[in-house]
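Good morning, and thank you for joining. Please keep the sequence and the structure in view while I speak.

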Amino acid sequence: MNVNDYLIVATIIFCIGALGVLIRKNLITIFLSLELMFNAANLGFVAVSEYLNLISGDIFVIFIMVVAAAEAAILLGIAIAFYREKGTINIDDANELKF
Amino acid sequence: MSIFLKYILSIIIFFPLLSALLLVFINKKAEGLLRNLATILSLAEFVISLFLFIYFKSNTYQFQFVERFSWIREFGATYFLGIDGVSLFLILLTTLMTFIALLSSYKYIKEHVKEFVILMLVLETFMLGAFASLDILLFYLFWEFMLIPMYYIIGIWGTGRKVYSAVKFILYTLAGSLIMLFGLITIFILHYNQTGNFTFNLLKLYHTNIPLTLQIILFIAIFLGFAVKIPLFPFHTWLPDAHTEAPTAGSVILASVLLKFGIYGFFRFAIPLMPEASIILTPVILVLAVISIIYGALVSIVQKDLKRLVAFSSVSHMGFIVLGLFAMTAVSVDGSVLQMINHGISTGALFLFVGMLYERSHTRLIADFGGLTKKAPILAALFMIAVLSSVGLPGLNGFVGEFLILVGSFKQYTVFTIFATSGIIFTAVYLLWMFQRVMFQDITNKNNENFKDMTLREIITVLPLILLMFFIGLYPDVLLSRINPTVVHFVNIIEHNKYAYNLIKAKMGLFNA
Amino acid sequence: MNSKDLIVWLIPFFPLLGAILWGVFGKYFKNYSGYLGSIFIIISFILSVIIFFIVAYGHGFTSILYQWIDASYFKVNVSTTIDRLSVVMLVMVTGISALVHIYSIGYMKDDKGFARYFSYLNLFVFSMIMLIMANNFLLLYVFWEAVGLCSYVLIGFWYEKKSAVDAGKKAFIVNRIGDFGFALGVMLIFITIGTLNYSTVFSDIHTLPPYLITTIALLLLAGAVGKSAQFPLYVWLPDAMEGPTPVSALIHAATMVTAGVYLIARCHIIFSYSPDASNVVLIIGGVTAFIGAFSALTQFDIKRIIAYSTISQIGYMFMAVGIGSYAAGMFHLLSHAIFKGLLFLTAGSVMHGMSGELDLRKMGGLYSKMKITAITFIVGGLALSGIPPFSGFFSKDAILADLFNKGDYLFWIIGVLVAFMTAFYIFRLIFNVFFGESHVDKNLHVHESPKIMTIPLIILACLAGIFGFIGLPPFNHSIFYKFINKDFANSFNFAPAVNNYPWYLLSAISVIAGLGGIYIAYVFYIKKSFDLEKLKSKFKPIYDLSYNKLYVDEIYDFVIVNPMKNFAIFLWRIVDILVIDGAVNGIAQYVSITSSKVRKLQNGMLMSYIVTLTVGVIALLAYYFVR
Amino acid sequence: MEALFYIFSIIAIVSALMVILVKSPLTSALYIILCFFALAGFYILLNMQFLAAMQIMVYAGAIAVIIVLVIMLLNLAKIKGAIKDFHQIAISIIAIGLFTLEVILYLNAAGEKKPTGIYTNTVINKIGNTQIIGEFLFTKYVFPFEVASILLLVAVIGAYIFAKK
C-alpha cells in the first residue's frame with residue numbers, strides 16, 4: 001500500500017471526473033465532475049506529500065479547497081443567471097460564444 | 001545651449017508628440033485654433049530642426065548628436081539616437097513636409113479636425129524617431145508605429161475606397177515588416193552567439209559575421225520589408241491605391257517621407273549588415289529597379305486619375321533611387337540620397353497641386369480638367385515648375401540627383417543605366433501630357449468656369465518647395481558637402497567587403513571554372 | 001573676378017534678370033517688359049561685341065563662377081569658355097535676339113500674355129547664351145535642355161490651341177529622345193575620361209580606343225540630331241510653327257536648331273578622331289537636306305515651307321561638319337541665321353498684315369500692299385536660293401565646293417539638287433504670295449506692318465546682302481575662315497582635298513541650279529504655262545509623298561507611339577491590376593475563405609471545446625512518451 | 001490498514017462513477033458527498049487528520065450543501081440530463097481511456113524518488129498535524145493565505161453580481 005496505489009486511485013477518480021465533464025450536459029453535473037477532479041488532485045498531493053515527508057502538499061490542498069469554494073460560489077451564481085436567462089441548464093444552449 | 005544641443009534629437013523627436021498632447025486639451029469645436037496651433041507648432045518644430053543643420057559638422061562620417069540611454073537592459077536594447085549626413089536631410093525634409101502638409105489641409109480637412117492634427121503630429125514623431133534611431137529595436141518600434149496614424153489618415157479622411165486602400169496599405173507594409181523583423185532578430189541572435197552579449201546597437205551589429213547562405217536568406221527577408229515600402233516592382237500596387245484615396249496631406253507625407261524609409265532602411269540596415277549578400281543580389285535588385293523605372297513611367301502614361309498618375313510616377317522615380325543606391329559608387333549613392341530629398345520635394349509639391357485642383361473641382365479625373373491656365377495663371381506657373389522638377393529638367397533639383405545616379409551607375413552597370421536613362425523620355429511624355437490636358441487647351445468642363453486661382457495660404461504652402469527646387473538645382477553643394485562624407489564611408493565599407501568577397505570566391509574556386 | 005569675367009557674366013545676366021522680372025512681376029510691367037527686355041538684350045549684344053573684339057585681338061579664356069556639383073569624384077563647375085567659336089555664336093545669337101525682341105514688341109502688341117512672352121523669350125536668350133559659353137558637357141547639357149524647355153513653352157504659347165500645345169509637347173519629347181543619347185554620351189565621356197571639362201576631354205580623347213570615341217561621337221550626335229531637327233528626329237520642327245512667328249524666327253531658324261551644328265563644331269576633336277561618326281553626320285545631313293527640300297515643295301502653309309527649308313539647310317551644315325569643313329559649316333550657320341530669321345520675320349509680317357492667314361492659296365498680289373515686307377522677303381529668298389551677291393551664295397558654295405573637292409560626289413549632287421529645289425519652293429512661295437492675282441478675302445484689310453517690325457526686317461535684309469562678303473571665295477582665304485579656323489586647327493584625320501577645281505566653276509553650277517529653280521517656279525506660277533493639276537495627277541505618288549511629308553509622322557505613330565501606348569495599357573490593366581493586384585487580392589481572398597472555413601471550428605459548443613482540450617492534453621502527453 | 005484502503009477505494013470509485021452516471025443532479029450531489037467521505041478516510045490513512053476534517057467540513061459540509069441548495073432553488077431535481085450524444089460519448093470514453101493509460105504509464109515510468117523532507121509520520125505525530133499546518137500557513141505561506149482570503153471575497157461579490165437580477 002505505497003504511494004503508487006494512492007496515485008492510481010487518484011488517477012481513476014480524476015479520469016472519471018474528466019469523463020463526466022465530457023459526457024454530461026447538465027451544468028450542475030459537470031460542476032460536480034469538476035469537483036471530483038479537484039479532489040483526485042488533492043488526494044495525489046496528500047499522498048506524495050506524505051511519501052516525501054513534506055508539508056507543502058497538504059498546504060496546497062487547503063488552498064485548492066479555498067479555490068474550489070470560490071469556484072463553487074461563482075459557478076453556482078452563473079448557473080442561476082444562466083437558468084434565469086435560458087430556462088435550462090443544459091450547456092448546449094450556451095453556444096453564443098462563436099465566430 | 002549646450003544642454004539643448006546635447007539632447008536636441010530627443011527634443012526634435014518628442015516635440016511634436018508634446019504638441020499633440022497639448023492639442024488634446026483643446027476643445028474639439030475650436031477648429032480654427034486647432035489648425036493654427038498645430039501649424040505653428042509644426043513650424044516651430046521645423047525651426048528647431050534647423051539647428052541640426054547649423055551645428056552639423058560636415059567633415060566627418062561619424063554619427064553626431066548622439067544620445068544613449070539604457071532601455072531594456074536584459075536584451076541590450078538602448079535608447080540610442082544619432083544622425084549622419086543622410087538622416088540629417090531626411091529629418092529636415094520630414095519636419096518641413098509635416099508643416100506643409102498641415103498648412104495644405106486647412107480647407108481639405110473639414111471633419112474631425114482635432115483628431116487629424118493630432119495624428120499628423122504623432123506621425124511626425126514616429127517618422128523622426130525612425131530616422132534618428134541607431135538601435136534596431138527602437139527603429140523597428142518607430143517603424144511600426146508609423147503605420148498606425150497613416151492607416152487612420154487614409155481610412156478616415158480619404159475618399160472613395162478609402163478603407164480598402166487603408167487596409168491594403170497596412171497589410172502590405174505589415175507583411176513586409178514582419179518578415180523583416182524575423183531577419184533583424186536572427187542577426188541579433190547570431191551576434192549573441194558570437195559575442196555572448198545581447199545588443200540591439202546597430203553599430204555593434206555591423207560587425208556580426210553572418211555565413212553567406214544565411215546572409216542571402218536574411219537579406220531577402222529584410223529586402224521584402226524595405227522593398228514594399230519603397231515600393232519596388234512588383235510590390236508596388238498598394239501605392240497607387242493608398243495615394244489615390246488618401247487626403248492631400250496624407251499623400252504628401254506618404255510620398256515625401258514614408259517611401260524614403262525603404263531606401264533609408266537599405267542604406268542604414270540591409271546593406272551594411274549584409275554586405276556580401278547585397279553584392280551578390282545587386283543584379284536582381286537592379287533589374288527590379290529598372291523595371292520599376294520603365295514600368296512606372298509607362299503605366300503613368302495611360303492613367304486617367306491625376307493622383308494615380310503621380311503615384312505611378314513615384315514608382316518610377318524611386319526606381320532611380322534604388323538603382324543609384326545599389327550601383328554602390330560614391331557618385332551614384334550621393335545622387336540617390338540627394339534624389340530622395342528631391343523626390344520628396346517634387347512629388348510632395350505635385351500632390352499639393354493635385355489636392356488644390358481637387359479642392360476646387362472635386363474630381364481627379366484628367367478628362368474633367370483643361371484650360372485652367374486662363375483662370376489660374378499663378379497655379380499654372382507654379383504647377384509647371386513642379387512638373388518640370390519632376391521631369392528632371394536641368395536647373396531644377398531633380399536633374400542633379402538623377403544625373404549623379406546615372407553617371408555613377410554607368411560604368412559598372414552600363415546596360416541597366418541605358419534602360420534607366422530611357423526613363424527620362426517617358427517621364428517627359430506622361431507629365432507633360434498630363435499637364436497639357438489639365439492646364440492647357442480650352443475649358444471643356446463647365447464646372448471649371450469659376451475656377452479660382454491660388455490663395456495666399458496656398459502660395460505660402462508651395463513656395464518653400466518651389467524655392468528649394470531652384471536652390472537645390474542651382475547649388476546642390478549645400479546638401480552634397482554634408483552627405484558626401486557619410487556616403488564615401490558607406491561605399492568604402494562596401495568596397496572593402498567586395499574585396500573580401502572576391503577573395504573568398506577565388507578561394508572557393510568559383511571563378512576558376 | 002576681373003573685368004573680362006565680369007563682362008562675360010553680365011551677358012547672360014541681363015536676359016536672366018529680364019526673365020525673372022517679367023515672369024514674376026509681369027503684371028506690373030505690362031508693355032514696358034517688351035521695351036526693357038529689348039534693351040537688356042541689346043546690352044547683352046553690345047557686351048558680346050566687346051568680348052568678340054577682346055578675343056579677336058587677344059586670346060580665349062575661361063571664367064569660373066562657382067562650383068556647382070561636388071559629389072566625391074564628380075565635380076562640375078559653372079564656368080565658361082570664351083573662344084573664337086563661342087564669341088561668333090554669341091554675337092550672332094544676341095544680335096538676332098535683339099532684332100527679334102524689337103520686332104516682337106510690334107508683333108505681340110495687344111496679346112494678353114505680352115509680359116509672359118518676353119519672360120520666356122529672355123529666358124531663352126539666357127539659356128542659349130549659356131549653352132554657347134558652357135565649358136563643360138554637363139553645363140552644355142543643362143542649357144541644351146533649358147532651350148528645349150523654352151522652345152516647349154514658346155511653341156505652346158497660345159495654350160488654348162490644342163495643336164499648339166501638342167506641337168510643343170511633341171518638340172520637347174522628340175528632343176528628349178535625342179537628349180537621351182546625349183546624356184548617355186556625356187556619361188560615357190565622364191566615365192572614360194574622368195572629367196567633363198572641354199579642355200581635358202579634348203586633349204585626352206585620343207587615349208581612348210576608337211570604338212569608344214565613335215560611340216561617344218554617335219551619342220552626342222543623337223542629341224544634335226534631335227535639337228537640330230535632322231533625320232530621323234526632324235518631325236517636331238514643322239509642327240513647332242504653331243508658336244508665335246518671331247519665336248520661329250529666333251528659336252526654330254536662327255539659334256536653337258543650329259545648336260546641333262554648334263555642338264559638333266565644338267566637339268570637332270572627338271569627331272575628327274572618329275571618321276565613322278563623321279560619315280554618319282554626313283549621311284544624316286545629306287538625307288535631311290533632301291527630305292526637307294522635298295517636303296517643302298508642295299506645302300501650302302508658308303511657315304511650314306520655311307520650316308522645311310530650315311531642316312534642309314541645317315542638313316547642309318551637317319554635311320559640312322561631316323566632312324570636316326567646320327569653318328564652312330559655321331559660316332553657313334551664321335548666314336542662314338540671318339536670312340532664315342529674315343524670312344520668318346517677313347512671313348510674320350505677312351501674317352500680321354493678313355490677320356494671321358498662313359495658306360498661300362489665299363494670298364497673292366500682296367507686293368503692292370506691303371512693299372517693305374515683300375522686298376525684304378525677296379532678299380531673303382534670293383539669299384536662300386544662293387544667288388550672288390547675297391550671303392547664302394557664299395556660304396552654300398563654300399560647302400558645296402568642299403564636298404566636291406573632297407570627293408564626296410554623291411553628296412555634292414544632292415547638294416546641287418537641293419539647291420535647285422530650294423530655289424523652286426521659296427520662289428513658289430514668293431510668287432504665290434506677293435505676285436499674281438489676289439485670292440485674298442475681300443473683307444480683309446491688308447496693311448503693311450508698323451515701323452517697329454519693319455526696321456528689324458530692313459536691318460536683316462541689309463545684313464543678308466553684305467554678310468557673305470566676309471567669306472569671299474575662295475573660302476580658304478577669306479576673313480572668316482582665317483578667323484574661325486584657328487579653333488579648328490586640330491581637326492585632322494579627314495581626307496584631304498582630292499580635287500582642286502576652281503571655286504567659280506562649282507559656283508556657276510550651283511547658281512545655275514538656283515536660277516533654274518527660280519525660273520521653273522516663274523514658269524509654273526506666274527506664266528502658268530503648265531496645267532498644274534494635270535502635272536499633279538501625273539506624278540501623284542510623288543506629290544502625295546511630298547505633301548504628306550513622306551508619311552513619317554504616320555509611320556512613327558504606327559510603329560512607335562501606338563504600340564507603346566497599347567503596351568502601357570496592357571501593363572496597367574493586365575500586369576498591374578490583373579496579375580499583381582490579382583495575386584495580392586487572391587492571397588487575401590484565400591486567407592478569408594480559409595478562415596471562414598476554419599472559424600466553423602469555434603461553434604460555441606462548450607463540449608466540443610472541452611473535447612478538443614482533452615485531445616490536446618492527450619497529444620502532449622503522448623508526445624512526452626514518444627520523445 | 002490495507003483493508004481500509006481497499007474499502008475506501010471501492011467506495012470512492014463507485015460513488016464517483018455514480019456521480020457521472022445517474023440522471024438526477026440531486027442524486028449526483030448525494031453520491032459526491034459519499035465520495036468526499038471516502039477521500040476523507042484516505043486522508044486519515046495518510047495521517048492527516050486535519051485535512052480529513054477540512055474535507056468533511058468544507059466539501060461535504062459547505063460546497064455540497066450549496067449545490068444541493070441551488071438544485072432545490074432552481075427546482076432542478078426533475079430535470080433529467082439524458083445522455084443522448086453517443087458519438088461524443090464514444091470519443092470521450094476513448095480519449096479518457098487513453099488518458100488514463102498514459103497517466104498510469106507515466107506513473108510506472110517515473111523513477112523512484114527518495115523522501116527529502118523531515119516531516120516523517122513520527123515527527124508529525126509528535127508535534128500534531130494541525131499545529132504543523134497552522135505554523136506553515138501563518139509563516140511561510142502567509143501571503144498566499146491572504147491572497148486566498150481576497151479571492152474568497154471576490155468570489156462572494158462575484159457570485160452576488162451573477163446571481164443578482
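In this predicted model, the domain assignment of chain C gives two entries: domain 1 covers 1-133 and domain 2 covers 559-626. Taken over C-alpha atoms, the centres of domain 1 and domain 2 of chain C are separated by 65 Å. For the chain as a whole, the C-alpha trace of chain C spans about 115 × 60 × 55 Å along its principal axes.

As to secondary structure, chain C contains 25 helices and 2 strands. Of its 627 residues, 56% count as buried. If we take the contacts in chain C with a separation of 6 or more, 81% of them are accounted for by residues 24 or more positions apart.

Helix H6 of chain C runs over residues 162-193, which is 32 residues. From its first C-alpha to its last H6(C) reaches 45 Å, close to the 46 Å expected at 1.5 Å a residue. Where is the kink in H6(C) centred? The kink is centred on Gly178(C), and the angle is about 30°. H6(C) is mostly covered, with 27 of its 32 residues buried. Just after H6(C) comes Gly194(C), which takes a positive phi of about 95°.

I turn now to chain A. The UniProt record, an unreviewed entry, places the feature "transmembrane region" at residues 6-23, 30-48 and 60-83 of chain A. Two of these spans can be compared with the model. Residues 30-48 of chain A are 100% helix and 0% strand, and the end C-alpha atoms of that span lie 27 Å apart. Residues 60-83 of chain A are likewise 100% helix and 0% strand, and here the end C-alpha atoms lie 33 Å apart.

Next, the contacts between chains. Which chains share the most contacts, of the 4 pairs of chains in contact? They are chains A and D. That contact takes 60 residues from chain A and 66 residues from chain D. On the side of chain A that touches chain D, the elements giving two or more residues are helix H1 (3-23), helix H2 (27-51) and helix H3 (56-86) of chain A. H3(A) gives the most to this side, with 21 residues. By class, the side of chain A that touches chain D has 43 nonpolar, 11 polar and 6 charged residues.

Chain A also meets chain C: 11 residues of chain A are in contact with 10 residues of chain C. On the chain A side of that contact, the residues divide into 7 nonpolar, 1 polar and 3 charged.

Two other pairs do not touch. No contact joins chain A and chain B, and their closest C-alpha atoms lie 21 Å apart. Nor does any contact join chain B and chain D, where the closest C-alpha atoms lie 29 Å apart.

I shall finish with a single residue of chain B. Gly344(B) is found in helix H15 of chain B, residues 330-361. Why does Gly344(B) count as buried? Gly344(B) counts as buried because it has 27 C-beta neighbours inside 10 Å, and the threshold is 20 or more. Leaving aside residues up to four places away in sequence, Gly344(B) touches Leu93(B), Met97(B), Ser256(B), Val257(B) and Lys260(B). Gly344(B) and Leu465(B) are 121 residues apart in sequence, and their C-alpha atoms are 9.5 Å apart in space.

How values were computed:
Residues numbered from 1 in each chain as written. Chains lettered and ligands numbered in written order. Predicted model: local features only at pLDDT ≥ 70, side-chain atom pairs only at ≥ 80, totals over all residues. Contact = placed C-beta atoms within 7 Å. Nonpolar A, V, L, I, M, F, W, Y, C, P; charged D, E, K, R; others polar. Domains from an automatic or database assignment. Helix = DSSP H or I, 4+ residues; strand = E, 2+ residues; numbered from the N terminus. Expected span 1.5 Å × (residues − 1). Bend = angle between axes of the 7 residues up to and from the residue. Buried ≥ 20, exposed ≤ 12 C-beta atoms within 10 Å, placed from the backbone. UniProt positions renumbered as here; feature names shortened; annotations may be inferred.
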